Amino acid sequence: MVEVTVTPQSSLADRPVRVQVRGLSPSQLVTLRSWLTDEQGERFQARAFFCADGEGEVDPGRHAALGGNYTGVWPMGLFWFLQPDTLFRRLIKWDVAGSPFLIHLEVFDGLCVATEPQDQPLASCKAERWYVGPGVQRVPIREGRVRGALFLPP
């Protein structure tokens, strides 16, 4: 049975995570896809093609992506190379303290350049990426023409 995991499942956005796929056949070609929907409803996604090792595993931190949105060994590539479905959109997190970005990770058999709604992944999981840690206080700043926010640790 194919399984994809993200460790830790919930983390701050500037912290590295480990993505692993297990249960594949040795040398099986797969597509790893990550996607999220931002607060305006825009979808961003990244994909990379991998060949499973002799034990049927894929780890973007150890195995090189053969193509997709990037090539080579990039442990966080599926998070860093997110691209908008609509051209010229930017990935911006407005509500940094209230909710995380929920990133979906999926594994597809073979090389999937485009994913149709009827395509079923071999495995999937979700990861939370928070921008503010627990207990951090946000203080709005408005002095003259200066606008900003001060984030105070607990």
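These are my notebook entries on a predicted model of one protein.

**Ground rules**

I number residues from 1 along each chain as its sequence is written, and I use heavy atoms for side-chain values, leaving out hydrogens and water.

**Entry 1: overall layout**

I looked up the secondary structure and found one helix and eleven strands. Helices (H or I, at least four residues) and strands (E, at least two) are DSSP runs, numbered from the N terminus. The order along the sequence is β-β-β-β-β-β-α-β-β-β-β-β. The C-alpha trace spans about 60 × 35 × 25 Å along its principal axes.

I then looked up contacts, meaning heavy atoms within 4.5 Å. Of the contacts between residues at least 6 apart in sequence, 53% join residues at least 24 apart.

**Entry 2: surface and burial**

The protein exposes about 9,100 Å², and carbon and sulfur atoms supply 54% of that area. Accessible areas come from the Shrake-Rupley method with a 1.4 Å probe, and for residues only the protein chains shown count as cover. I note that 38% of the 154 residues count as buried. Buried means under 20% relative accessible area, exposed means over 50%, and partly exposed lies in between (1.4 Å probe, protein chains only).

I also found a nonpolar surface patch made of Leu29, Leu66 and Leu111, with about 280 Å² of accessible area together. Patches take residues with over 30% relative accessible area and no salt bridge; like charges are joined within 9 Å, and nonpolar side chains (Val, Leu, Ile, Met, Phe, Trp, Tyr) within 5 Å.

**Entry 3: the core**

In soluble globular proteins, nonpolar side chains tend to be buried together. A nonpolar core is a set of buried Ala, Val, Leu, Ile, Met, Phe, Trp, Tyr and Cys residues joined through side-chain atoms within 4.5 Å. Here the largest one has 29 residues, and Val21, Phe50, Val58 and Phe79 have the most contacts inside it. The elements that each supply at least two residues of this core are β1 (3-7), β3, β4, β5, α1 (77-80), β8 and β9.

I picked Val58 and listed what it touches beyond four places in sequence; among them are Val21, Leu32, Phe50 and His63.

**Entry 4: salt bridges**

How many salt bridges does a search of the whole structure find? It finds nine. A salt bridge is a side-chain nitrogen of Lys or Arg within 4 Å of a carboxyl oxygen of Asp or Glu.

The side chains of Arg18 and Asp59 form one, at 2.8 Å from N to O. Arg18 lies in strand β3 and Asp59 in the loop between β5 (43-51) and β6 (67-68), so the pair ties together parts that are 41 residues apart in sequence. Arg18 is partly exposed at 39% relative accessible area, whereas Asp59 is buried at 4%.

Glu42 pairs with Arg89, with the closest N and O atoms 3.6 Å apart. Glu42 is in the loop between β4 and β5 and Arg89 in the loop between β7 (83-84) and β8, 47 residues apart. Glu42 counts as buried at 17%, and Arg89 is partly exposed at 43%.

Asp85 pairs with Arg43, and here the closest N and O atoms are 3.9 Å apart. Asp85 is in the loop between β7 and β8 and Arg43 in strand β5, 42 residues apart. I also noted a network in which salt bridges that share partners join Arg18, Arg22, Asp53, Glu57, Asp59 and Arg62.

Gln28 is in the loop between β3 (18-22) and β4 (29-37). Gln28 counts as buried because its relative accessible area is 16%. Its side chain reaches the backbone nitrogen of Ser25 at 2.9 Å. This is a polar contact (a pair of N or O atoms within 3.5 Å; within protein, one must be able to donate a hydrogen and the other to accept it, and residues adjacent in sequence count only if both atoms are side-chain atoms).

The side chain of Arg129 reaches the backbone oxygen of Arg15 at 2.9 Å. Beyond four places in sequence, the contacts of Arg129 include Leu12, Asp14, Phe79 and Ile103.

Methods:
Predicted model: local features only at pLDDT ≥ 70, side-chain atom pairs only at ≥ 80, totals over all residues.
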